[in-house]
Amino acid sequence: MSIFYDISSRNSNDSFSVHTHLHDNYEINFMLTEGVEITVEDQTFVSQKGTVCLFPPYSLHEVISHKKIYRRYVLNFNDLQITQACGALEPIISAFKKPHAPLISLSEEDTETLINLFDAALDASISDSPYDDYKKIRALGDILHFLVPLLKEKSLCSPQNRNEIVNILTYINAHLHENITVDSISKHFGVNSATLWRLFKKYVVLSPKEYILRARIGVASNLLINGSSISDAAQKSGFNSYSHFVRAFTQHMGITPNQYAKRESHITITLK
């Protein structure tokens, strides 16, 4: 895995499902198979060849295919890490903020162009040499730069507000295991709760409370997948009540933490 992003070409010779889940990174799914069912929050779409799906952090999403042959590219990246490594990408990363259409349908020509860009990023990601970091960042930048003009709506943040919301999100993610509240966050950054709420609704879409809850569920789901007990996952993700954790997890994920931990959430894939 690159220190900047995780990219793979995934192929399957059988039907599969990646059940409802969420995580703290941006995810781009580039579909090369028709008829794949994609659910983002409460919207369900059916892919065509050349469908690009954009999954923002902590958005519930699910991918189901009944096809015998399936192919897609998957790219996960953390916008903060990337912009710290290369500030020139910040305006492009910012354009991926909501509001925007979660799906883009590409023409045949654009599909072939994006395939070549993903292949270049795959090749760049193989090297572990720090001297190749520039190639990795450039390959990712080429993908994002290609996709940004295709977004139906753009939501570019001013540098000042961008830095402010990034600092707030970084602080929250680092203190999820603690008893953080909207009031404590407001006091820490010296802003009132109304200002904090407006920043979140403008750049994150979720309210501060919703973001914290989803971030905690994201941490807990990763812990459960990796073998943690339910009580341990609840505690480490910042829930001070076991019953509250079970109730919130079930409400957002559609199944209980116990069911989530026991089922196979991922399929066996062939990496290119």
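Biologist: Which are the buried residues of H4?

Modeller: In this predicted model, the buried residues of H4 are Lys136, Ile137, Ala139, Leu140, Gly141, Ile143, Leu144, Phe146 and Leu147. They are called buried because each has under 20% relative accessible area.

Biologist: What is the reach of helix H3, and what is expected?

Modeller: Helix H3 covers residues 108-126, 19 residues in total. From its first C-alpha to its last it reaches 28 Å, close to the expected 27 Å.

Biologist: What do the buried residues of H3 pack against?

Modeller: Their partners are strands E1 (5-12), E3 (26-31), E6 (51-55) and E8 (70-77), along with helix H4 (133-147). Among the buried residues of H3 are Leu114, Ile115, Phe118 and Leu122.

Biologist: How many aromatic pairs does a search of the whole structure find?

Modeller: The search finds nine. Take Phe200 and Tyr211: their ring centres are 5.8 Å apart and their planes stand at 65 degrees, so this pair is edge-to-face. The cut-offs behind that are centres within 6.5 Å and planes over 60 degrees apart.

Biologist: Why does this pair tie together parts that are apart in sequence?

Modeller: Because Phe200 lies in helix H7 (residues 193-203) and Tyr211 in helix H8 (residues 208-225), the pair joins parts 11 residues apart in sequence. Both Phe200 and Tyr211 are buried.

Biologist: Which residues do ring pairs link into a cluster?

Modeller: Phe239, Phe245, Phe249 and Tyr260.

Key:
Residues are numbered from 1 along each chain as its sequence is written. This is a predicted model: local features need pLDDT of at least 70, side-chain atom pairs count only at pLDDT 80 or more; totals for chains, interfaces and linings use all residues. Side-chain values use heavy atoms; hydrogens and water are left out. Helices (H or I, at least four residues) and strands (E, at least two) are DSSP runs, numbered from the N terminus. The expected span of a helix is 1.5 Å times one less than its number of residues. Buried means under 20% relative accessible area, exposed over 50%, partly exposed in between (1.4 Å probe, protein chains only). Contact means heavy atoms within 4.5 Å. Rings of Phe, Tyr and Trp (its six-membered ring) pair if their centres lie within 6.5 Å; planes under 30 degrees apart count as stacked, over 60 as edge-to-face and the rest as tilted.
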